[in-house]
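Open the model in your viewer and keep the selection panel at hand. We will go from stop to stop.

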Amino acid sequence: MTRDECEHRVRALVSAARKLADNRTAEGTAARAMLLETTGLSAQGIELALCEHLETTLSKEQLTALLDAAGSASRVHVLLAANVFVGALRALTVAVGAALEVVVRLSTREPSFARCLIEAIDDASVRASIRIVPTLEPAPGEHVHLYGSDRALAEVCSAFHPDVLVRLHGTGFGLAVIGADVDLDAAAQALARDVVPFDQRGCLSPRVALVEGDDARTQRFGEHVVRQLEDWAERVPLGHLAAEELSERRRFRDTSLMTGRVLDAGESVLAIAKESWLLPPPGRNLVLAVCNDGDTCLLSLRAVASFVAALGIAGHGGVLAQRVAAIAPRARRSVLGAMQRPALDGPVDRRSDGLVRVGELQLNSRR
Amino acid sequence: MNHHESDALHARVCAFIDATGAGLPAAEPFDAIACDLARMQARARTGVEHLLAARGLSPENLRLASEIPAVPTDVFKLRRVACHDQEHDEVVFRTSGTTVGQRGCHAMRTARTYLHAALTWGRVMLFPDVKRVHMGLLAAPFSIARESSLAFMLEGFTASFGTSASWFMHNDELSVEALERLIKRASGEPIFLAGASFAFVHLLDGLGARTLRLPAGSRIMQTGGFKGRTREVEPEQLRARIAATFCLELDAVAGEYGMTELSSQAYEGCVRRHLGLKTRAAPRGIYIAPPWMRVRAVDPVTLAPVAAGEVGLARIEDLANVDSAVVIQTSDRIRELVQGFTLLGREPTATPRGCSIGIDEILSAGAGASS
């Protein structure tokens, strides 16, 4: 495949995405109806995702970076995940940029978006080069891009030949850093902008915010976040939470009541914690960790650093931000408020080691 | 903390154990003791006072144990749950694994009540027919595993019920030779083998296809799951393998349900059934809690009791948890039955959907030996 062909294929997908983002097109209308059935997001949540978090622009520099990261193969297999439906666009652009032939296994929970996206591709040859299959059966030496939880990926990989090459995008979460010099209201607005999309189910979604300063400052910040989340909930209501998610929220709330303080923001639970914290479940819940002693704060973080997929920094990035970045060096970094708008410049998960032989894989190495 | 108040409650709980363990009525109701425990624990600021306040409850108005909010087991991993200061710890049991850099712990000012409860119910459910047996423990002794509640309990068993005791764990290796020596030494007298389920798997793997016939009257206790281990074995499959390897009836292999966050244990009623006893006996799979411990199935979201026979999460009221949390909330799915309860595994985590991490995935990061 020539570079021009790669670029053309990627642009064809992005162009298809623009059709889906537009609620005036037939494709956009159909996608919205299907996503309402499959994602569990509210209608407003789907609109937010399509209009604000689907990559519909692509600069020359981003395209270059994406193609450099994609590599080259005769065929790429892709397993898509369910939690952030727009992720299918990035996954497919990386795949079509790498290979002329792409084989896709859709998420069983949310198969609609990827299907709509493929069907919306104008160029028939590009469209025909992406084949949807019920099971991935890569041959030795072929590339497979896998998106999902570590456990699911391990199970999938166990069925592959040891010489299959896999690129993994596994389990993770987002972390926000609120520096000492930051305006709390502005930071709260930015944090909420990152928490609300996809009801916080993405691996880039911040679930913990480290707040530099004392307990009182964290409390004030929490009150700002409460207002922001309540405001967002009126404009973009929380979607459906499964029974297990509701149970985890109850567990998180009761645990946090005993280990710190809890602020309620409608259906969201914010826990203010000093030393130890329980990771909140998705559904717009947060831990606000008091960081007036960097060492204690970071000690808690070290144990889970390998799971930090994204770092959102409010302000100019002070000492705390630098120390956090050093603990999670491969997390994708961005300004707080833009964590859920990563540039379309390659795989979103920068923790990945790239392509690895299944035979050499140690999915539990992070543990 | 008022140690006199704690001492008095320990005495009341032990009296309750003495009476009900012997099948006699207790001098005072379960609920009265449970509520007094909750009041002391709230006053001592174990954290339960925040749960009470959040539910609009006053400790002074508690009348029934069912009104006491349950402390999630996660809390033991994140903060100290104890009425007394650290300097008064007699023993500290720790959970397996790590959570955000910290292992969970259950500190006890005195392990006297814990031991009393364990021995009383152990006698009823595991040794109702014999005074003493030869003991084979698939674990390290408590002198080495000083944070293991299982090792502590088994040490208590050996002192009270053991003719002899052999500990088979040395430098993290299980010794088949030591087990063979125990069988020879027992000379046909009953043997009690006990250990964590994963330890039995390890032993069975070491034995391969061999069998080791245990003497008539022998019985086996296995406990715990496989969290963090590289292999999991389905419980009934494990029981069958154990029974076949040691040439015992299936009913001679009983499961124990306990955890670091509790002071009491429940056992499958099959050993008593195997021995032909009518009371506190039940088919395999049904666990029977002691009278000082109530295990209830509750709705995972509302924590309200579920309808009889329905599946819920185990809420456990344990009078022997005198200085910590008289009521805990687990993530274990159970079904309450007339005779007892069945275990159905852990609550499935809501996430992961895709790459988003779930609470239990992060909790189990770095999991090691269970106790």
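Two strands count as paired if DSSP finds at least two bridges between them. Keep that in mind for the sheet. One caution before starting: this is a predicted model.

**Stop 1: the seven-stranded sheet**

In what order do the seven strands of the open sheet lie? Read across chain A, the order is 8-9-10-7-6-11-12, and the pairing is mixed. Strands of a sheet pair through backbone hydrogen bonds, either parallel or antiparallel.

Now look at the edges. Strand 8 (261–265) and strand 12 (332–335) of chain A stand there, each with a single partner strand, so one side of each has no neighbour in the sheet. From one strand to the next, the twist averages 20°.

Zoom in on strand 11 (residues 308–314) and strand 12 of chain A. They run parallel and are joined by four bridges. Pick A:G312: its bridge partner in strand 12 of chain A is A:S334.

**Stop 2: two helices on the sheet**

Helix 13 of chain A packs on this sheet. It touches strands 6, 7, 10, 11 and 12 of chain A. Its direction makes about 155° with that of strand 6 of chain A.

Helix 9 lies across strand 6 (173–178), strand 7 (206–212), strand 10 (286–291), strand 11 and strand 12 of chain A. It runs at about 165° to strand 7 of chain A.

**Stop 3**

Which residues of helix 13 (residues 319–327) of chain A are buried? They are A:L320, A:A321, A:V324, A:A325 and A:I327. These residues lie on the same side of helix 13 of chain A, because they cover an arc of only 155° around the axis. Turn to the face away from that buried side: exposed A:V319, A:Q322 and A:A326 are there.

**Stop 4: strands 1 and 2**

Select strand 1 (residues 75–79) of chain A. Four of its five residues are buried. Strand 1 runs parallel to strand 2 (residues 101–105) of chain A, and five bridges join them. Find A:V78; opposite it, in strand 2 of chain A, stands A:V104.

**Stop 5**

Finish with helix 1 (residues 3–21) and helix 2 (residues 26–38) of chain A. They pack at about 70°, with their axes 6 Å apart. That angle makes helix 1 of chain A roughly perpendicular to helix 2 of chain A. Show the contact: A:K19, A:L20 and A:A21 from helix 1 of chain A, and A:E27, A:G28, A:A31 and A:R32 from helix 2 of chain A. Three of these contact residues are nonpolar, one is polar and three are charged.

Notes
Residues numbered from 1 in each chain as written. Chains lettered and ligands numbered in written order. Predicted model: local features only at pLDDT ≥ 70, side-chain atom pairs only at ≥ 80, totals over all residues. Heavy atoms only, no water. Buried < 20%, exposed > 50% of the residue type's maximum accessible area, 1.4 Å probe, protein only. Arc of directions from axis to C-beta. Axes fitted to C-alpha atoms, helices over the stretch in contact; angles between N-to-C directions. Parallel < 35°, antiparallel > 145°, perpendicular 65-115°, else oblique. Contact = heavy atoms within 4.5 Å. Nonpolar A, V, L, I, M, F, W, Y, C, P; charged D, E, K, R; others polar.
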